[in-house]
Amino acid sequence: MGVTGGGVKENSFDTLQLGIRAQVQHLKAYASTEALKNACIDPWFKYVTMGCAEHVEWLGQKENPDGKGWAAGAGYGEKILAILKGILGMAGGASSTPTETESWYRVRKTWADIQSQKGAFKSLSNAKKCADENPGYSVFDESGKTVYTKEAAFKLYRVRVSIPDLNIRLGPGIDHEKTGKHTEIGIFTVVEEADGEGHPSGGC
């Protein structure tokens, strides 16, 4: 911590515990806007825009949607995940060498609209979460194929009924029994839609 180039010496701490705590505090500054639990010992904490990299993939400035992050080098978050994967592999008795290349998932309005990109993720679940938080955005794989789009929220709308005997049924579609009641003539607000059998000519 604290190395900025030009021979600048790194920060040091009195104990390993304090050094680790400083690292964790620094990561928390990027990942969260919550206050620290303990006294701040990270000398760089105050320089971080808190919450600017809530996903590991965003720690690299080139993959961060706001151009922030810990490191300027490309694929910084990917390198961290690769190290983690290696550690987990060793813990399970497997080789620490990744056996296959994982894909990046990008969140954009359209694949062609690069400027709209909100972020690039190794985790599909994180990419989906980002798309959910940004209406009109989808998740694309590296080939440009859409792999996720949040279903648009239903909006209430009004319809006009011009016949006096439009049947009310027990469920959507003509395969449900009639209740014996009718909507009558008027304007009605549709509050929910559901799939069902289509109506025959002449009304349902």
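Colleague: In this predicted model, in which sense do strand 3 and strand 4 pair, parallel or antiparallel?
Modeller: Strand 3 covers residues 138-140 and strand 4 covers residues 146-149. Three bridges join the two strands. Their sense of pairing is antiparallel.

Colleague: Which residue of strand 4 is the bridge partner of V139?
Modeller: V139 is also named among the residues with the most contacts inside the largest nonpolar core. Its bridge partner in strand 4 is Y148.

Colleague: Which residue takes a positive phi in the hairpin of strand 3 and strand 4?
Modeller: This hairpin has five residues between the strands. A positive phi near 90° occurs there at G144.

Colleague: Which element gives the most residues to the largest nonpolar core?
Modeller: The core has 16 residues, and those with the most contacts inside it include Y30, F121 and A127. Two or more residues come from each of helix 1, strand 1 (105-108) and helix 3 (124-132). The element that gives the most, with three residues, is helix 3.

Colleague: Against which strands do the buried residues of helix 3 pack?
Modeller: The buried residues in helix 3 are A127, C130 and A131. They lie on the same side of the helix, because their arc around the axis is only 100°. The buried residues of helix 3 pack against strand 1, strand 2, strand 3 and strand 4.

Colleague: Does C130 count as buried or exposed, and how many disulfides are there?
Modeller: C130 has a relative accessibility of 3%, so this residue counts as buried. C40, at 41%, counts as partly exposed. A disulfide would require cysteine sulfur atoms within 2.5 Å. By this rule the number of disulfides is zero.

Colleague: How far apart are the end C-alpha atoms of helix 1?
Modeller: Helix 1 has 16 residues, residues 16-31, and at 1.5 Å a residue they should span 22 Å.

Colleague: Which residues of helix 1 are exposed on the side away from the buried ones?
Modeller: G19, A22, Q25, H26, A29 and Y30 are buried in helix 1. They cover an arc of only 145° around the axis, and therefore fall on the same side of helix 1. On the other side, the exposed residues are L16, Q17, I20 and V24.

Colleague: Is H55 buried or exposed, and with which residues is H55 in contact?
Modeller: H55 belongs to the loop between helix 1 and helix 2 (76-91). Its relative accessibility is 6%, below the 20% limit, so H55 counts as buried. Leaving aside neighbours within four places in sequence, H55 is in contact with F121, N126 and K129.

Colleague: Which residues does S116 touch?
Modeller: S116 is placed in the loop between strand 1 and strand 2 (119-121). At 8% relative accessibility, S116 counts as buried. Not counting residues up to four places away in sequence, S116 touches V107, R108, K109, T110 and Y137.

Colleague: What percentage of the residues of the protein chain count as buried?
Modeller: The secondary structure comes to three helices and eight strands. Along the sequence, the pattern is α-α-β-β-α-β-β-β-β-β-β. The protein chain has 204 residues, and the part that counts as buried is 25%.

Key
Residues numbered from 1 in each chain as written. Predicted model: local features only at pLDDT ≥ 70, side-chain atom pairs only at ≥ 80, totals over all residues. Heavy atoms only, no water. Helix = DSSP H or I, 4+ residues; strand = E, 2+ residues; numbered from the N terminus. Expected span 1.5 Å × (residues − 1). Buried < 20%, exposed > 50% of the residue type's maximum accessible area, 1.4 Å probe, protein only. Arc of directions from axis to C-beta. Core = buried A, V, L, I, M, F, W, Y, C linked by side-chain atoms within 4.5 Å. Contact = heavy atoms within 4.5 Å. Pairing = 2+ DSSP bridges.
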